[in-house]
Amino acid sequence: MAAIYQAVYRRASSLMCRFHSTYVRKMRYLNDLKEDDSLCRQAQTSGTFYLFHNLSPFLQEVGKQYLVPQVSAAEIKRILEKFKEAEQWIEKSVLIGCSDEHVPHFALDLGALEKSVIESELKGSFTDLRKALFVVDQKDSPLLASAQSLLRWHDSHQYCSKTGQPTQKNVAGSKRVCHASGIIYYPQMSPVVITLVSDGSRCLLARQPSFPQGMYSALSGFCDMGENVEETVRREVAEEVGLEVESFQYSASQHWPFPSSCLMIACHALVREQQTEISMNSLELEEARWFDLEEIMKGLKRKPGSSKQEDGSLLPWFPPQQAIAHQLIWEWVKQQTSQLA
């Protein structure tokens with residue numbers, strides 16, 4: 001019956017949106033799922049699921065590749081029946097997207113269930129998200145990041161901040177409602193600027209104590225209340241390395257799930273050549289220094305932890321392709337090489 005209902009709905013939607021692009025039809029279908037609990041509940045019976053265990057995504061190793069399996073609703077039900085809690089757990093899933101063919105994708109965290117049983121049934125393992133983002137395909141990393149952020153948000157917003165009463169999520173997980181006060185809570189992201197500073201011929205990269213050994217990245221910091229992006233860039237560069245930004249240029253943006261759910265706003269900043277002496281804030285950074293083009297090119301070729309020096313420290317390496325910091329560094333390299341050509 002569910003399959004028939006969904007087929008009828010898709011046909012009706014197709015007729016209504018026949019002049020629209022695939023993207024428009026897809027976005028409207030997703031919006032309908034978010035707003036219509038009955039429709040979304042039907043979609044859960046034919047959708048695919050990305051599994052998590054205490055916010056760690058499930059991966060399968062095939063040869064030298066790590067895949068993110070999309071588990072069918074029937075397979076989910078088969079596994080959950082071993083715990084006799086199938087219906088209860090499906091209700092905890094959250095909508096994270098759909099295919100161009102309108103197959104909905106959900107994320108489901110099974111953290112309260114025995115991890116080894118699930119791993120054995122599906123022949124894979126739950127992996128820390130930071131590690132997963134280093135090894136999965138680039139098309140999968142944004143979905144895993146957004147899924148974890150949404151699951152984390154629901155876990156931390158189970159009570160109303162005004163009444164203290166429990167909140168209830170809608171079926172899609174696009175909001176939570178406090179029925180005592182009528183307040184509706186929506187998932188939110190924190191804006192963060194990530195800035196690659198240059199003096200024209202060098203770029204500045206830094207390390208935080210929490211970084212993996214040897215990794216350097218661009219400067220980053222949260223936007224303060226009332227700040228615009230330009231003000232945040234200037235303030236963060238001044239606070240962290242004691243330099244004054246002369247001009248800046250927006251590059252791109254990216255959702256990033258660490259420490260919770262952030263919108264990374266990537267920029268290039270230029271400082272004056274005559275004012276390049278670094279005055280590092282040791283409360284925020286472990287190290288900050290200038291890199292020339294040759295050093296950057298060598299660092300981009302290194303893999304994490306691959307090159308040790310005589311004193312045991314690692315030669316510099318940079319964030320993986322999935323991180324927007326990597327894009328900033330490559331844009332700077334292209335700019336430098338074009339100037340040399």
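**Pocket, cavity and strands in a predicted model**

The lining of the largest pocket divides into 14 nonpolar, 16 polar and two charged residues. The model is a predicted one.

Trainee: Which element gives the largest share of the lining of the largest pocket?
Mentor: The pocket holds about 850 Å³ of space. Elements that give two or more residues to its lining are α2, β5 (94-98), α8 (141-156) and β14 (245-256). The largest share, nine residues, comes from α8.

Trainee: Which residues that line the largest pocket are the closest to its centre?
Mentor: The lining counts 32 residues. Those closest to the centre are Ser-146, Ser-149, Met-189, His-255 and Ser-261.

Trainee: What span should helix α2 have?
Mentor: Helix α2 covers residues 22-35, which makes 14 residues at 1.5 Å a residue.

Trainee: Which strands stand at the edges of the open sheet of three strands?
Mentor: The order in this sheet is β8-β9-β10, with antiparallel pairing. A strand at the edge has a single partner strand, so one of its sides is left without a neighbour in the sheet. The edge strands are β8 (168-169) and β10 (184-185).

Trainee: Which residue in β9 is the bridge partner of Gln-168?
Mentor: Strand β9 (residues 176-177) runs antiparallel to β8, and two bridges join them. In β9, the partner of Gln-168 is Val-177.

Trainee: Which residue in β13 stands opposite Val-192?
Mentor: Strand β11 (residues 190-198) and β13 run antiparallel and are joined by four bridges. Strand β13 (residues 219-222) has Leu-219 and Gly-221 on its covered face, while Ser-220 and Phe-222 are on the uncovered one. The residue opposite Val-192 is Phe-222.

Trainee: Which elements give two or more residues to the lining of the largest cavity?
Mentor: The count comes to one cavity of 30 Å³ or more, and the largest cavity has a volume of about 40 Å³. Its lining includes Ala-206, Arg-207, Leu-219 and Ser-220. The elements that give two or more residues are β12 (203-207) and β13.

Trainee: How many residues of the lining of the largest cavity are charged?
Mentor: Among the residues lining this cavity are Phe-211, Glu-240 and Leu-285. The lining divides into five nonpolar residues, three polar and, as charged residues, two.

Technical notes. Residues numbered from 1 in each chain as written. Predicted model: local features only at pLDDT ≥ 70, side-chain atom pairs only at ≥ 80, totals over all residues. Heavy atoms only, no water. Expected span 1.5 Å × (residues − 1). Buried < 20%, exposed > 50% of the residue type's maximum accessible area, 1.4 Å probe, protein only. Pairing = 2+ DSSP bridges. 1 Å grid on protein atoms, 1.4 Å probe; cavity = no way out; pocket = protein on both sides within 12 Å on 5 of 7 lines; lining within 4 Å. Points joined across faces, edges and corners; volume = space filled by probe spheres on them. Nonpolar A, V, L, I, M, F, W, Y, C, P; charged D, E, K, R; others polar.
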